[in-house]
Each structure stands twice: as C-alpha cells, then as structure tokens.
Amino acid sequence: MTAPDADQDPSLGWTVSATAQGKVNLHLAVGARRPDGYHDLETVFQALDLTETVTLTVVGTCGPGEGPGDMVAGVTVTGRDAHLVPAGGRSGDIADNLAVRAVRAVAASGTSSGAVDAAAPLPRIRIDIDKGVPVAGGMAGGSADAAAALLAARALLGSRHSDADLTALAADLGADVPFCLLGGTALGQGRGDRLVPVMSRGTFHWALATGARGLPTPEVFARLDEQRAAVATGGRPDVRTGGPTALQRALVGGDPVALAGCLSNDLQAAAVSLRPELRRTLAASREAGALGAVVSGSGPTVAMLCRDREHAVDVATAVAASGDAGSTLVAASSPHGARLC
Ligand code: C5P
C-alpha cells in the first residue's frame with residue numbers, strides 16, 4: 001500500500017496491491033451435469049509459484065448517482081499473454097475482466113450490506129494487472145486476478161467483509177476463485193468451490209506446456225457431456241477417475257514419483273478430442289522423461305511432474321523442441337493463496 005499524497009482529496013493516488021497464484025489440478029473427477037449447468041467435481045488443486053498481481057489506484061471520486069458499476073476508470077495489463085485479457089477497446093470489454101467484476105462485487109455487496117460506508121462517495125479507480133499465469137490454459141489466471149482484486153478492494157474500500165463473505169463473493173465470480181483465495185493444496189468439491197486444505201510436504205516441480213491456442217472451459221465440459229452420452233449408447237468405454245486417497249498419501253509423503261502415478265483428469269479425453277495435438281504433447285512429455293503428465297483442469301496446459309527444478313527445465317526444453325506444445329515454462333508448488341503486498 002502507498003499513502004495518499006494529494007492535498008484536496010486525501011485518497012487520490014492511494015494504491016493497494018494483492019497477489020494470487022495460478023494452479024494445476026492433480027486430480028479431477030467430474031460427476032453429473034447439474035440443473036445449473038455446472039458439474040459436480042472432486043478435485044485436488046495445487047497452487048503454483050506463477051503469480052498474478054493486481055493493483056488498485058484511486059484516480060478520482062464517483063459523482064452523485066454513480067455506483068459500483070462506474071468505479072473502474074480503466075484497466076492496464078502487462079506480463080504473460082497480456083494482449084489476451086479484456087482491458088477495453090479491441091482487447092475486449094472491461095466488464096468481462098474478472099478483476100473488474102470482483103471490485104464491483106465488493107463495492108455492491110458492501111454498500112448494500114453496510115460493510116462499506118454508503119454515505120461516503122465511492123472512489124474511482126484504475127486496475128493494473130501484471131500477469132504470470134498463461135491465459136485460457138486451465139491454470140486459473142483469470143480466477144487469480146479475481147481473488148487478488150477481492151482482497152485489494154476490501155482493503156481499499158475499508159470494507160468490513162469477513163473472509164467468509166469474500167469466499168462467497170469468490171464463488172459467485174467463478175468455480176476456481178475460492179481456491180485462488182485459499183491457495184496451497186486443497187480438495188475441492190461441489191462446483192470445485194467447497195474447499196478443504198490438503199496436507200502436502202515439500203515442493204513439487206513442474207514443466208508446463210501451454211498449448212498453442214487456449215481452450216474455453218464450457219466447451220470442454222460440453223464435449224465431456226457428449227462423450228458420456230456416447231458411453232450411454234455403448235459408443236465409448238466409461239473410463240473415470242477414482243478417488244483421491246492414494247494421491248493424498250503421495251502428497252503427505254512429498255513423493256513426486258508416487259504423485260506422478262496418481263495424476264488424473266476426467267476432462268483430459270475431452271480436451272484431447274478438441275485439441276488432438278495434446279496427444280503428441282503428452283507423448284513428448286513421456287519421451288522427455290517426465291515422471292507423469294496430465295492436462296490441467298479444462299486444458300490445454302499439460303502439466304508434467306518432475307524430480308526437481310533442473311529436471312523440469314530439461315523436460316520443458318525437450319517438449320518445446322517437439323513442436324506442438326505452445327510455450328513451455330517451469331513452476332513449483334506454492335503454499336500461498338491471495339495476499340496483500
Ligand atoms: O465458474 P467458471 O466461470 O470458471 O466456469 C466456467 C464454465 O465451466 C461453466 O460455465 C461451466 O460450463 C463449466 N464448469 C462446469 N462445472 C464446474 C466448473 C465449471 O460445468 N464445476
């Protein structure tokens with residue numbers, strides 16, 4: 001946080017920054033499609049040391065009659081895949097930016113519940129996002145922006161939202177946002193938003209292949225529904241991920257070889273059918289000597305588990321040379337969730 005520096009408006013120039021981490025899913029079992037369009041999940045998330053930083057700066061004051069929808073004066077985005085994030089103009093409407101939606105949600109729920117002083121005018125703010133997580137990769141980059149923005153907005157608005165209030169707002173913004181607030185390693189149920197921390201020892205090292213093109217999450221779930229309809233008519237075998245018990249044992253033991261044997265994802269076949277080149281990336285990861293590999297979340301990122309950082313760099317380099325993998329990078333597991341800077 002930086003102190004305000006203007007004479008007339010004491011809050012002008014005030015900034016609050018927060019960070020949140022991207023994630024991989026070590027385990028993702030998908031149940032039935034629910035009436036609300038979501039699927040029941042059982043998933044184990046692991047935060048990575050790929051960081052999104054969201055900075056809110058007060059640039060003015062909302063006028064009479066203006067509300068939470070008028071607060072955001074502009075958005076800037078820097079860092080990895082910045083041009084793919086909606087920030088106004090050709091990049092897309094800022095109303096689609098999850099950080100913008102998170103700030104507005106804190107202000108709207110705060111003014112209606114009394115957690116934010118409704119008598120004081122709302123600040124007008126600029127949102128600066130610095131990205132470390134690939135966009136549309138199944139790694140929760142947008143959800144991390146939302147989580148960081150929720151924390152930063154609570155601080156900037158001096159709101160009395162509890163942590164539980166913020167988690168409820170997070171769940172409304174997206175199924176992965178509550179995990180991005182919590183961080184570390186956690187079991188997610190329901191839409192993936194009912195969370196219990198999972199014990200994990202040591203640091204796990206990953207090589208990541210982002211894929212050449214992003215993959216919209218709803219399309220991947222829809223393809224899984226189609227595949228399951230084919231199972232029902234005998235057109236496909238019904239292969240499903242089991243429970244996460246062995247995986248949790250491997251996490252407690254801090255054992256990457258055991259963990260590699262437990263990686264699984266019911267969305268992987270759907271992602272591969274939409275992006276057939278993923279099959280070659282998965283094969284390249286085996287040839288490169290990764291301990292194990294899995295599509296993360298709805299993909300298309302392929303997460304390859306490695307013995308240590310040096311091994312991860314070797315695997316990332318070899319898979320990049322295979323040609324289909326998009327960009328590759330290395331990351332390590334992180335104990336952190338969203339934090340104020
Ligand atoms: O909540 P979020 O916006 O991240 O979800 C994007 C889409 O992914 C949903 O609209 C839905 O189609 C699908 N989804 C799902 N079941 C979940 C999580 C996401 O079907 N548990």
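Visitor: Which element gives the largest share of the lining of the largest pocket?
Guide: α5 does, with 5 residues. This is a predicted model, where local features need pLDDT of at least 70, side-chain atom pairs count only at pLDDT 80 or more, and totals for chains, interfaces and linings use all residues. Residues are numbered from 1 along each chain as its sequence is written, and side-chain values use heavy atoms, with hydrogens and water left out.

Visitor: What counts as a pocket or a lining residue here?
Guide: On a 1 Å grid over the protein atoms alone, where a 1.4 Å probe fits, a pocket is an open set of points with protein on both sides within 12 Å along at least five of seven lines; a lining residue has an atom within 4 Å of a point.

Visitor: Why does the largest pocket lie between the domains?
Guide: Because domain 1 (15-199) and domain 2 (205-332) both give residues to its lining. The bounds come from an automatic or database domain assignment.

Visitor: And the second largest pocket, how much space is in it?
Guide: About 360 Å³. It has 19 lining residues, with Val239, Arg240, Asn265, Asp266 and Ala269 nearest its centre.

Visitor: Which element gives the most there?
Guide: α5, with 4 residues. Helices (H or I, at least four residues) and strands (E, at least two) are DSSP runs, numbered from the N terminus.

Note on methods
Points joined across faces, edges and corners; volume = space filled by probe spheres on them.
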